[in-house]
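Keep the viewer open as you read.

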Amino acid sequence: MERVTRLVSQRAVVIFSKSTCCMSHTIKTLFYDLGVNPTVHELDEEPRAGKQIEKALIRLGCSPSVPAVFISGELVGGANEVMTLHLSSSLVPLLKQAGAIWL
């Protein structure tokens with residue numbers, strides 16, 4: 001849990017993902033298309049640490065565990081929550097407030 005807290009505090013937008021997850025790919029693409037340069041941690045590419053991080057994400061309430069999106073160190077949620085924010089026009093202002101985009 002401490003490692004997740006440390007990782008998400010280092011950048012404005014942090015995404016925990018798996019390289020084989022189609023929803024993770026969709027969320028990463030959305031952020032890139034919005035001009036965000038998120039820090040992405042591919043859990044399946046970090047065998048030992050990835051499993052520990054995944055357990056911590058589940059304890060934080062992420063279900064499924066990926067994608068898990070943090071903005072300004074706060075858990076936003078997974079794909080459903082991010083898409084809901086985007087479709088309600090709330091995601092871009094949140095990203096601006098975090099300093100992740102400037103336009």
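**From the surface to the central strand**

Met1, Leu60 and Leu75 make a nonpolar surface patch of about 230 Å². For a patch, residues need over 30% relative accessible area and no salt bridge; like charges are joined within 9 Å, and nonpolar side chains (Val, Leu, Ile, Met, Phe, Trp, Tyr) within 5 Å. The areas come from the Shrake-Rupley method with a 1.4 Å probe, and for residues only the protein chains shown count as cover.

Before going on, a word on what you're looking at: this is a predicted model, where local features need pLDDT of at least 70 and side-chain atom pairs count only at pLDDT 80 or more, while totals for chains, interfaces and linings use all residues. Residues are numbered from 1 along each chain as its sequence is written, and side-chain values use heavy atoms, with hydrogens and water left out.

Leu75 is found in strand E4, residues 74–77; strands here are DSSP runs of E with at least two residues, helices are runs of H or I with at least four, and both are numbered from the N terminus. Leu75 counts as partly exposed because its relative accessibility is 34%, given that buried means under 20%, exposed means over 50%, and partly exposed is in between (1.4 Å probe, protein chains only). Gly77 lies in strand E4 too, but Gly77 is buried, with a relative accessible area of 10%. From Gly77 to Val40 you cover 37 residues in sequence and 15 Å in space, C-alpha to C-alpha.

Now, how many of the residues of E1 are buried? Five of its five, so this strand is mostly covered. In a regular strand the side chains alternate between the two faces of the sheet. In E1, Val13, Ile15 and Ser17 point one way, Val14 and Phe16 point the other way, and all are buried.

Two strands pair if DSSP finds at least two bridges between them. E1 and strand E2 (residues 39–42) run parallel and are joined by four bridges; in E2, His41 is the bridge partner of Phe16, and Glu42 is that of Ser17. E1 and E3 are also joined by four bridges, but they run antiparallel, with Ile15 standing opposite Val69 in E3. Between E1 and E2 the chain goes over helix H2 (residues 22–33), and the three elements make a right-handed β-α-β unit. Right-handed means that, with the strands pointing away from the viewer, the path from the first strand over the helix to the second runs clockwise.

Stay with Phe16 for a moment. A search of the whole structure finds one aromatic pair, and Phe16 is in it: its ring centre is 5.8 Å from that of Phe70 and the planes sit at 85°, so the pair is edge-to-face. To pair, rings of Phe, Tyr and Trp (its six-membered ring) need centres within 6.5 Å; planes under 30 degrees apart count as stacked, over 60 as edge-to-face and the rest as tilted. Phe16 counts as buried at 0% relative accessibility, and Phe70 does at 4%.

Which charged side chains meet in salt bridges? The rule asks for a side-chain nitrogen of Lys or Arg within 4 Å of a carboxyl oxygen of Asp or Glu, and the count comes to three. Arg3 and Glu46 meet at 3.9 Å, N to O, linking helix H1 (residues 2–8) to the loop between E2 and helix H3 (47–59), 43 residues apart. Arg3 is partly exposed at 35%, and Glu46 is partly exposed at 24%. Glu54 pairs with Lys18, with the closest N and O atoms 3.1 Å apart; Glu54 is in helix H3 and Lys18 in the loop between E1 and H2, 36 residues apart. Lys18 is partly exposed at 24%.

The remaining bridge joins Glu42 and Lys28 at 2.6 Å, N to O. Glu42 lies in strand E2 and Lys28 in helix H2, so the pair ties together parts that are 14 residues apart in sequence. Glu42 is buried at 13%, and Lys28 is buried at 11%.
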